[in-house]
Amino acid sequence: MDNATRLLVQYAHYHRDPRNIATHYIGIPLIAFALAALLARLRLDTAGLVISADWVVWALVTVWYLTLGQRALTGITALVLAGLVALAHPLGTAPLNTWLGWSLGCFVVGWVLQFVGHYWEGRKPAFVDDLRGLLIGPMFVVAELGFALGAGKTLQSKIDAAAGPVQPHRPSRHQA
């Protein structure tokens with residue numbers, strides 16, 4: 001089993017409730033956008049070349065993803081994150097209140113969604129046990145979206161075999 005599959009299986013153990021997965025579809029991109037926006041403010045301007053922390057972090061994360069295997073999935077994840085960085089990057093030059101308001105607002109809303117999903121799941125977030133979960137989250141969302149669109153059946157089968165299938169929500173006696 002390649003590292004990407006192993007890490008996705010580990011992450012999937014914390015994400016078998018479809019409501020939790022649904023909150024991740026919105027929460028994780030919001031958090032990634034917010035972090036990129038916050039990092040976009042950190043720039044080094046040398047001889048007309050501007051190097052910003054958002055793109056440096058994206059490049060480092062992309063290199064790490066590409067070492068994991070599952071090249072199509074990790075490549076698509078890197079492209080999705082590049083899109084989020086590109087959208088967030090202009091905030092780095094916005095007025096302070098605009099930059100902080102959007103960055104921190106998206107960060108907080110993203111995490112609230114994550115914690116609501118994990119409340120429904122009845123499990124703590126994966127990063128509590130392994131900080132790599134913070135980097136696997138975006139790849140998990142891309143994989144789950146791919147599965148929903150009918151792609152990646154082999155990978156989905158491996159994840160379901162090891163972590164169990166996503167279970168439809170069944171209301172408890174207290175929720176009914």
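Begin by selecting His 15, which is found in the loop that joins helix H1 (3–12) to helix H2 (18–40). Helices here are DSSP runs of H or I with at least four residues, numbered from the N terminus. The model is a predicted one, in which local features need pLDDT of at least 70 and side-chain atom pairs count only at pLDDT 80 or more, while totals for chains, interfaces and linings use all residues. Residues are numbered from 1 along each chain as its sequence is written, and side-chain values use heavy atoms, with hydrogens and water left out.

His 15 counts as buried because its relative accessibility is 0%; buried means under 20% relative accessible area, exposed over 50% and partly exposed in between, with a 1.4 Å probe and protein chains only. Next, display the side chains of His 24 and His 118. The side chain of His 15 makes a polar contact with that of His 24 at 3.0 Å and another with that of His 118 at 3.3 Å. A polar contact is a pair of N or O atoms within 3.5 Å; within protein, one must be able to donate a hydrogen and the other to accept it, and residues adjacent in sequence count only if both atoms are side-chain atoms.

The whole structure holds 6 aromatic pairs. In one of them, Phe 107 and Trp 111, the ring centres are 6.4 Å apart and the planes stand at 65°, so this pair is edge-to-face. Rings of Phe, Tyr and Trp (its six-membered ring) pair if their centres lie within 6.5 Å; planes under 30 degrees apart are stacked, over 60 edge-to-face and the rest tilted. Both residues belong to helix H5 (residues 96–121), 4 residues apart, about one turn of the helix. Phe 107 is partly exposed, at 28% relative accessible area, whereas Trp 111 is buried, at 18%.

Finally, select helix H4 (residues 71–88). Its 18 residues, at 1.5 Å a residue, should span 26 Å, and its end C-alpha atoms are 25 Å apart, which agrees; the expected span is 1.5 Å times one less than the number of residues. Among the buried residues of H4 are Leu 73, Leu 81 and Val 85. The cover over the buried residues of H4 includes H1, H2, helix H3 (53–66), helix H6 (133–148) and helix H7 (153–163).

Methods. Helices (H or I, at least four residues) and strands (E, at least two) are DSSP runs, numbered from the N terminus. Contact means heavy atoms within 4.5 Å.
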